[in-house]
Amino acid sequence: MARLLIVDDEPDIYQMICRYAQREGHETVKASDGLEAVELCRTNDFDMIIMDVMMPDMDGFTACKEIRKEKDIPVLMLSARGTEYDKLFGFEVGIDDYVVKPFSPKELMARVNVIVNRHRPQSGASARRTLEAGALTIDVSGRTVLVDSQRVDLTTKEYDLLLYFVENQGMVLTREQILNAVWDYAYQGADRTVDWQIKLLRNKLGICRDYIKTLRGVGYKFEV
């Protein structure tokens, strides 16, 4: 079970999401706009946020930026605007997924469950893993990344992407393989989504950015 913050100024959409989320066993909390979402996140802990973009007082992108200043909570953005620019801007802000309205509630819940499961702390032997590659260190238990001994703040999706690369060092990975492994479902606009996320990840890796190599016409390879 996960605790979800649902942020939408349309009551019908909130009720629909709430109904399907509760069927999956999740607890839901409502916010009617971005300002209310930011205040709730300051005083409460959530496993994930489902947030509309266009809202009064404070839009979803701005709210996401404010929340990110204090807490690392995965965000799935909802929007009637489905242009490539809007989606890529959302990923640059730090969201984990982008769903265009109108949407299938079942598909939405599938995406929610994928994100929640990936962000949930691991236990057992896998949780004690520490992966190293050149100047890069990944503490799997804490989902933290160090570059030259300095911590780097990554979004959930950026972390998952980096972990997938490190676990498959030296292997040529196509965009389709990356998409299936990191996003775990069919996703429209796959090539641009993968390329953009890798660009954002490289920008955060500093001296390790060149570990992710582009193979034109093929895909990518992680190699120190």
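What percentage of the 224 residues of the chain count as buried? The share is 50%, where buried means under 20% relative accessible area with a 1.4 Å probe, protein chains only.

## Basis of the model

This is a predicted model, in which local features need pLDDT of at least 70, side-chain atom pairs count only at pLDDT 80 or more, and totals for chains, interfaces and linings use all residues. Residues are numbered from 1 along each chain as its sequence is written, and side-chain values use heavy atoms, with hydrogens and water left out.

## Overall form

The chain contains eight helices and twelve strands, taken as DSSP runs (helices H or I, at least four residues; strands E, at least two) numbered from the N terminus. Its radius of gyration is 17 Å, close to the 17 Å of the globule rule for 224 residues, so the chain is as compact as a globular protein of that length. That radius is taken over C-alpha atoms, and the rule is 2.2 Å times the number of residues to the power 0.38.

Along the principal axes, the C-alpha atoms fill a box of roughly 50 × 35 × 30 Å. Among contacts with a separation of 6 or more, 59% join residues 24 or more positions apart; contact means heavy atoms within 4.5 Å.

## Helices α3 and α4

The axes of α3 (residues 60–68) and α4 (residues 84–93) come within 10 Å and cross at roughly 15°. Each axis is a line fitted to C-alpha atoms over the stretch in contact, with angles from 0 to 180 degrees between N-to-C directions. This crossing makes α3 roughly parallel to α4 (an angle under 35 degrees).

At this pairing, Phe 61, Cys 64 and Lys 65 of α3 meet Asp 86, Phe 89, Gly 90 and Val 93 of α4.

Definitions and conventions:
Angles under 35 degrees count as roughly parallel, over 145 as roughly antiparallel, 65 to 115 as roughly perpendicular and the rest as oblique.
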